[in-house]
Amino acid sequence: MLGKLLKHEFRATGRLILPMYAVVLLVSLFAHFAFRMLDRGLPVFLGLLLYLIVAAFFIGLIGAFVYTFVVMIVRFKRNVLSDEGYLTMTLPVSIHSILWAKIIVSLVWSAATVLIAALSVVIAAFEVGWVVEALKDLGYLFELFFSYDDKASVLGWMLSIALYAVVSGIVGCLNIYSCMTIGYGFARNKVLWSIVAYFIISIILGWIGGGSLQVLVSLNENVFTSETFNESFYQNFTLLFGSQLLYGVIFYVLTWWNLRYRLNLE
Amino acid sequence: MPILEAKSLTKRYGSNPALTNVSFAIEPGRIVGLLGPNGSGKTTLIKLANGLLQPTSGEILIGGMSPCAKTKSIVSYLPERINVPLWMSAEELIKFYSDFYADFEPNRAQDMLRNLGIGEKMRIKEMSKGTREKVQLILAMSRRAKLYMLDEPIGGVDPATRDYILATIINNYDPSASVVISTHLIADVENVLDDALFISRGEIVLYDSVDHIRESRGMSVDGLFREVFRC
């Protein structure tokens, strides 16, 4: 059933996000020409228009991330916590499946937005010479990697960072979902309670995180550093990854519990 | 085994009781009217049966099971509000239901849409309120469910649509299945009911067959309702 949920989740969100990607790429194409014409001493009106296009490009880049984030939140609210929740929450699927479908789709769109933003920058800044330089730099990076004696370590670092990014994305989603399920459990002022829950949880986790670090440092002052870079990396990675994992479990259980026992659709 | 059973079921919202110590059992093959004035606990009871609320105490069982993914696959639920995504068309909703409900019959839904002159390509947001309600009812009644739970299916629609909705319910449910119809418009549903379950302020005040009510009390269910719930 997760596959079917994913299919419908991608359809419902794709119809909102894909047109946004098209707009961002189109604006980046305009920005490409605008960048090249800015210093050609054009009339004031035309110059202003070019500056507006460039501004639209940068606003679009930031807007793409904000929009993806908003779609993720609004989708969860509409599909689970509002009227559509009467359909979603009575489908013959588990709450776990519903949650994972939302998380996976949010992650995929977030990653896609990063790629689209990168692509739009490439389009806007595209020049043959620039691409040749970029390819040269990329070749240099590969050369550096293959000349490095300990390739396994580099691969390990890269995989660890990628894994951390994915888990952080999941935790970020769950953080927001859990706060929304807390807020929407109240009879009134649901959005306000969701925001209050977000701040309270952030403050509590901040205290716990800060306190835990102090305890760790007091137990072992070399908790963040070691003799080799590799050891230091994994020491820090374990701490950060472990804390993210712990937060993720807390947010997941909180979200699941609220949907299971505190759901209060209007 | 009863298809729907409540055992000492209590639900409170904070300190406000919505249902208090409710017990009853509905056997397969019955059409039951869940009858009570506004705010009597009808919707709460239906939401509990669909797992949208959790009991404060007691239990509610569907075919002997507490509400879960398995019970949801045998219950066809029509909520009192529009629950389908407004951006979807009727055709897309039929595909959606086909994907999730093994007992959904798309041909039946398509036939009913055609009979009502509702275009499959039409988006829900383009439809009138009455048409949206009809589409939802068609989707709910196109399932071969063991239990249909219809929350106020005739509330807020014109008399002609009421007749259509009741005819759709009667013509489309499997006789071995049970139907629970929640309403306060008794006169309209009385003729299709086997049993009547009167609920008042969260408590069951009467659960009897419609025939027995008429015989023993010498009045219609609507008449009894007016007597029991006289303001």
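The points cover the basis of the values, the contact between the chains and the contact between the domains.

1. This is a predicted model, in which local features need pLDDT of at least 70 and side-chain atom pairs count only at pLDDT 80 or more, while totals for chains, interfaces and linings use all residues. Residues are numbered from 1 along each chain as its sequence is written, chains are lettered from A and ligands numbered from 1 in the order written, and side-chain values use heavy atoms, without hydrogens and water.

2. Chain B places 25 residues in contact (heavy atoms within 4.5 Å) with 25 residues of chain A. The buried area (accessible area, 1.4 Å probe, lost by two parts on being put together, summed over both) is about 2,500 Å², 58% of it from carbon and sulfur atoms. On the chain B side, B:Leu52, B:Trp87 and B:Phe100 lose the most area, together 27% of what that side buries.

3. Three salt bridges (side-chain nitrogen of Lys or Arg within 4 Å of a carboxyl oxygen of Asp or Glu) are counted between the two chains. One of the pairs forming a salt bridge is A:Arg11 and B:Glu92, with the closest N and O atoms 2.6 Å apart.

4. Chain A is divided into domain 1 (1-126) and domain 2 (149-266), with bounds from an automatic or database domain assignment. Their C-alpha centres lie 25 Å apart.

5. Between these domains, 19 residues of domain 1 of chain A touch 18 of domain 2. They bury about 1,900 Å², 83% of it on carbon and sulfur atoms, and the salt bridge count is zero.
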